[in-house]
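Student: I am new to this structure. Please show me how to read a few of its features.

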Amino acid sequence: MSTKPRTVRHLMSTDPYTLGRNDQLRLADDLMKDERIRHIPILDEDGGLCGILTQRDLFRGALVRALGFGGRAEDQMLKT
């Protein structure tokens with residue numbers, strides 16, 4: 001019984017959600033929560049991939065809240 005090896009294309013998303021590098025972090029946070037995703041490709045002005053934003057990258061906002069700075073401080077961090 002011979003089977004072909006599976007490749008990345010068998011598992012990858014072909015139409016992922018994307019954001020621009022100048023979009024606010026709040027938008028990324030909301031998108032990740034609403035769509036239950038943990039990674040968002042970030043595109044430059046020409047539509048080329050310039051990075052990946054992860055849920056872990058947004059962890060800093062949660063850390064601000066956990067340290068007692070509150071939701072307002074987290075909101076301010078996500079706007080910058």
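Student: Which residues is I40 in contact with, leaving aside its neighbours within four places in sequence?

Tutor: Contact means heavy atoms within 4.5 Å. On that basis I40 is in contact with Y17, T18, L19, A28, L31, M32, G51, I52 and L53. This is a predicted model, where local features need pLDDT of at least 70 and side-chain atom pairs count only at pLDDT 80 or more, while totals for chains, interfaces and linings use all residues. Residues are numbered from 1 along each chain as its sequence is written, and side-chain values use heavy atoms, with hydrogens and water left out.

Student: Which residues form the largest nonpolar core?

Tutor: In soluble globular proteins, nonpolar side chains tend to be buried together. A nonpolar core is a set of buried Ala, Val, Leu, Ile, Met, Phe, Trp, Tyr and Cys residues joined through side-chain atoms within 4.5 Å. Buried means under 20% relative accessible area, exposed over 50%, and partly exposed in between (1.4 Å probe, protein chains only). Here the largest such core has 8 residues: L19, A28, L31, M32, I40, I42, L53 and L58. At least two of its residues come from each of α1 and β2 (39-43). The most come from α1, with 3 residues.

Student: Where does T54 lie, and is T54 buried or exposed?

Tutor: Helices (H or I, at least four residues) and strands (E, at least two) are DSSP runs, numbered from the N terminus. T54 belongs to strand β3, residues 49-54. T54 counts as buried because its relative accessible area is 18%. Not counting residues up to four places away in sequence, T54 touches M32, R38 and H39.
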